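Visitor: I'm new here and would like to learn how to read a structure. Could you walk me through it?
Guide: Happy to, let's take a look together.

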Amino acid sequence: MDEDRVSTLTKHQIEKLLLKKADHFERLTKDLSEKNAELRETQKQLIAEKEIAESATKAKAMFLANMSHEIRTPMNAVIGMTEILKETNPSKEQLTFIETIHKSGYDLVHIINDILDYSKVESGKMELEVQPINLHELVSETANLLVLKAEEKNIELIYYIDEEIPPVLHADPTRLKQILVNLVNNAIKFTSVGEVVIEITLEKKLASEAIINFKVIDTGIGIPENKINHIFDSFSQVDASTTRNYGGTGLGLTITKSLVELMSGEVSVTSTTGEGSTFKFVVGLPYTASISKSPRHASLFKNKTLLFADQNASHRKYLRKKLQSLGFNVNAFQTIEELIANIKAVPAVDLILVEDFLLGNMTDSVKEGFEQLLKTGQIPLIKMLPFGKVPDLKKVNSLSIKRPLKRENLISVLTTALEGNSKKSPKSSAKKTHEPKDISVLLAEDNKTNQLVAKGLLKSIGYQIEIVDNGVDVISKLDEKYYDLILMDVQMPVLDGLEATQKIRDLEFKPGQPIIIAMTANAMEEDRDRCIEAGMNDYLSKPVKRDEIIEKIEKWFPDN
Ligand code: ADP
């Protein structure tokens, strides 16, 4: 009986327990479904917020692209008009004013480009356009862009590229140049005494790519230890005070870092305050194996003895390296006196190179001794001139080369000197000249000021153009007369440049389709693609420069 009781009690208890549990589960389920509803609500909110954030990013990118377009349009007028004004025989004072406007215009365009690049980096839209490049050309162009700035501050700009670096590399030339320009610009900006060196060496040559080490070394103010880890952050500057000495947006290094990383490389910096900084980036670039035929100059230079005098220690170091890698036996001296004093110890001298400054500062007795030495030994002399100095044309016999020394020019002047042919001295970098082609040009552009700019620029290179201000008028003009070249703005009322081009491409013309080149302030990569997709042949981004127009005309009308 006792047993029975236990079991009834237990049953009762079990039922109670079950009921309790059921109740508990019911509450749990209710709680859970409430929580579920809450979660769903939160998820909904998050999705909505994500959409808002995405559309804000899109709006920001759109805003930047539009702002860039709007600012570029008047800047096109400012820069273009100053280029035209320069050709109108202004007085010296007026020319200074014009050049100031011109330079400020470029500075502003530079800032706009930085902001645009930064927005591309932020939205992950930055892409590389890889093509075969010649590193010597690219670095020489970069150095030429910046050397005047360095000379203005009395700073030496030197570049050195290892001879072992393959001649044809594959990289995005615009972006590689942009990285170098950013670093060298900073180096010049933050240096008041001394020099800036671009040193490019081959770290390793693998089967498919060359690992290349780029260094930009300056002797400037340096970067304090507590700031060095932050300088690659956006908008970060060592001196961010309102009283700072140096302008800038603080975006250059952020963009530089992103570009290097896009090339799968790494950028770093070492610095000592008061002594200078070294920015370094290492990238692996695919290369085209060259057919190993030794160049013509190799046998001419081999084992020839060359002496040179240069007061700058870095010049001596890099020039010696370069000349040795070209095959010369080299002796370098700090002064001409030193060179003369040591010449007896050198068996046979084939060539002497001297910095122009030293030649201009010899005492009479040194001068006499030096001239005697050249004459008796019949040793050719090459002068090294600073960039800004135009060679004295009256002294046609003296060979000269401009700094920063470009490899091709150096080889050419050395060859000329050794072959005793002084007529073929290297070309100086003159303003682009152009033989006008026999072509008819139509401009489609709605902005009156830009019409004037384009008309003036084209007139200055030898073309009379006709102008219309929308796409419909382009087509009706083509109905009356054939044009070889159409310079087409993209954003125009009535019918825009893209649609107009598509319509033109559907028409037939006896002499063939005209060449259509977009001339637009939309500077993004996609804009360019859209122009090409619409059927245009090429693309010029505003502000349009005289040399760029010439380049495009020569590209598309080589035989006229
Ligand atoms: P910006 O030069 O426009 O200010 P950057 O991003 O190029 O912007 O550089 C960020 C900061 O890093 C500079 O403001 C400067 O403080 C520091 N910096 C960059 N390069 C150098 C250099 N070569 N020497 C000293 N400081 C430098």
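Visitor: At what angle do helix α12 and helix α16 pack?
Guide: Keep in mind that this is a predicted model. As a general idea, two packed helices are described by the angle between their axes and the distance between the axes. Here, α12 (residues 448–460) and α16 (residues 546–556) pack at about 65 degrees, and their axes are 10 Å apart. The two are therefore roughly perpendicular to each other.

Visitor: Which residues of α12 and α16 make the contact?
Guide: From α12 you get Leu457, Leu458 and Ser460, and from α16 you get Arg546, Ile549 and Ile553. Sorted by class, that contact of α12 with α16 has 4 nonpolar, 1 polar and 1 charged residues.

Visitor: And is the crossing of α12 and α16 right-handed or left-handed?
Guide: That one is right-handed.

Visitor: Now the ligand. How many residues surround it?
Guide: There are 19 residues around the ligand, and the closest are Asn186, Asp218, Gln237, Thr249 and Leu253. Look at the atoms next. A side-chain N or O atom of Asp218 is 2.9 Å from a nitrogen atom of the ligand. On the backbone side, an N or O atom of Leu253 lies 2.8 Å from a ligand oxygen atom, and one of Gly252 lies 3.3 Å from a ligand oxygen atom.

Visitor: What about the backbone itself? Which peptide bond ends at Pro404, and is that bond cis or trans?
Guide: The general idea first: most residues other than glycine have a negative phi, and most peptide bonds are trans. The bond from Arg403 to Pro404 is cis, with omega near -10 degrees. You'll find Pro404 in the loop between β12 (399–402) and α11 (407–419). Another cis bond joins Lys542 and Pro543, with omega about 0 degrees. Pro543 sits in the loop between β17 (538–541) and α16.

Visitor: Does Asn154 have a positive or a negative phi?
Guide: Positive, about 65 degrees, although Asn154 is not a glycine. Look for Asn154 in the loop between α3 (135–152) and β2 (156–161).

Key
Residues are numbered from 1 along each chain as its sequence is written. This is a predicted model: local features need pLDDT of at least 70, side-chain atom pairs count only at pLDDT 80 or more; totals for chains, interfaces and linings use all residues. Side-chain values use heavy atoms; hydrogens and water are left out. Axes are lines fitted to C-alpha atoms, for helices over the stretch in contact, and angles run from 0 to 180 degrees between N-to-C directions. Helices (H or I, at least four residues) and strands (E, at least two) are DSSP runs, numbered from the N terminus. Angles under 35 degrees count as roughly parallel, over 145 as roughly antiparallel, 65 to 115 as roughly perpendicular and the rest as oblique. A crossing is left-handed if the near helix is turned anticlockwise from the far one by less than a right angle, and right-handed if clockwise. Contact means heavy atoms within 4.5 Å. Ala, Val, Leu, Ile, Met, Phe, Trp, Tyr, Cys and Pro count as nonpolar, Asp, Glu, Lys and Arg as charged, and the others, Gly among them, as polar. A residue is near a molecule or strand if one of its heavy atoms lies within 4 Å of it. A polar contact is a pair of N or O atoms within 3.5 Å; within protein, one must be able to donate a hydrogen and the other to accept it, and residues adjacent in sequence count only if both atoms are side-chain atoms.
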